[in-house]
Amino acid sequence: MLTDIAMDDFFHVTDLMTVISYAEAFQPLGTERIPLSDALGRVLGEELVSRVDLPDFVRSTMDGFAVRAASTFGASEANPAYLTIVGAVLMGERPDFSIGPGEAAKISTGGALPAGADSVVIIEHTEAIDEFTIELYKSAAPGQHVVQVGEDFAAGARVLQPGRVLRPQDIGLLAALGKDTLTVYSKARIGIISTGDEVVPIQETPGPGKIRDVNAYTLAAMVSDAGAIPIRYGIVKDDSEQLFELCHRALKTSDMLLISGGSSVGTRDFTVEVLSRLSNAKILVHGIPISPGKPTILARAGQIPIWGLPGHVVSSMVVFKAVVKPFIDRINGMIAHGGKAAWPVPARMARNISSAQGRTDYIRVRLIEKEDGFWAEPVLGKSGLLNTMIRADGLVAIDLNTEGLEKGTLVSVMPI
């Protein structure tokens, strides 16, 4: 249960995990319906279920020839198989012919397999004898270079859960499913107030002892980067009545309020006094054992969290990353997404992975946190499947001069 902190408990530090746990006391905002074109970076507010099979026809993943795999068994350079070309698959059309034993049809990546075909041989493993005959130098397995109906996502499958921050690959999936509008959580509006007699607008040249209002712009950028909407309310001098009036006004149009400066112990510190006077207000925290950023205030006015942040811009940024952003994530509805770091993550490969020399391979991985750190587990699947990107947390680059990576190799994961 959240309790008031009396003024005589001023600057009594609260451990970091307890501070972050207070986020659970604030509820996510409401939802809104938006077009898919505006959904990148928004937090999904509904469970999405595929209403169709994706793909809804058997299709090729390579350029080559659609065949019956049985017609290729035993084929090699020394003993090639000879197949008769009976047609060509046109893109965007269903073939009106079928493939029998010893037959083949020209097909491009994404083309629909004719009836009777169960695999595709790539063009590099064939040679044209004449207009109607090819030699095949390598046998094919059933299902090779083919995506089956519903192999990406089957009709009725749950594809995305509420609380997920939508990424480009998610947008692509929703487009493939024909989802042109969707429900997302409303973006939190974060009010920002700068305090201090020494703070001047950035357009002014600071006089002796004065500083430009760097915090307002820095915090606004961090708020935007966190997926919320910053609202700058300007600068307030060290005057408790002016600060009270501005806080009262800002709370009418904000879902969270950040007050920059005025959180340290001092004779002109009015922040705690002002916040205590606000309607239905509680002071939850004044002091967190972190460096920098110890003199941080957390209060609430009804269901609106209010932060008193250090005036030093570096301290303010550290506090924002450490404790403020989890609160923004919470009220923005980001309750299901893992929130992986947005910078390269060091990890160790969870299994051996091969690679062809002469090219840089980017393999999809998901991050698994263990006692000894992060491990990167390759996301296996055919290269054309969207679900490999949906399931992945990042990419690992395998150098063009490397044949692969062994289990336990230290790698750098680029988040996606």
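**Reading the folds**

Guide: This is a predicted model. In its open sheet, six strands follow the order β7-β4-β6-β5-β9-β8, and the pairing is mixed. The edges are β7 (119-122) and β8 (126-130), each of which pairs on one side only. Ignoring direction, neighbouring strands of this sheet are turned by 40° against each other on average.

Visitor: In what sense do β4 and β6 pair, and over how many bridges?

Guide: Strand β4 (residues 64-67) pairs with strand β6 (residues 103-107) in the antiparallel sense, over four bridges.

Visitor: Which strands pair with β23?

Guide: Among them are β24 and β25. Strand β23 (residues 361-370) runs antiparallel to strand β24 (residues 373-378), with six bridges joining them. A hairpin of two residues connects β23 to β24, and K370 stands opposite G373 in β24. The pairing of β23 with β25 (residues 394-398) is also antiparallel, over five bridges. There, D361 has I398 of β25 as its bridge partner.

Visitor: Turning to a helix, which residues of α4 are buried?

Guide: In α4 (residues 240-250), the buried residues are S240, L243, F244, L246, C247 and A250. The elements that cover them include β13 (189-195), β16 (229-236), β17 (256-260) and α5 (271-277).

Visitor: What caps the N-terminal end of α4?

Guide: D239 does, with a side-chain oxygen 3.0 Å from the backbone nitrogen of E241.

Visitor: What does V324 touch, leaving out residues up to four places away in sequence?

Guide: With those left out, V324 touches M256, L258, W307, L309 and V319. M256, L258 and W307 are also among the residues with the most contacts inside the largest core.

Visitor: How many residues are in the second core?

Guide: The second core is separate and has 21 residues, including I259, L278, I283 and A299.

How values were computed. Residues are numbered from 1 along each chain as its sequence is written. This is a predicted model: local features need pLDDT of at least 70, side-chain atom pairs count only at pLDDT 80 or more; totals for chains, interfaces and linings use all residues. Side-chain values use heavy atoms; hydrogens and water are left out. Two strands pair if DSSP finds at least two bridges between them. Buried means under 20% relative accessible area, exposed over 50%, partly exposed in between (1.4 Å probe, protein chains only). Contact means heavy atoms within 4.5 Å. A polar contact is a pair of N or O atoms within 3.5 Å; within protein, one must be able to donate a hydrogen and the other to accept it, and residues adjacent in sequence count only if both atoms are side-chain atoms. Axes are lines fitted to C-alpha atoms, for helices over the stretch in contact, and angles run from 0 to 180 degrees between N-to-C directions. A nonpolar core is a set of buried Ala, Val, Leu, Ile, Met, Phe, Trp, Tyr and Cys residues joined through side-chain atoms within 4.5 Å.
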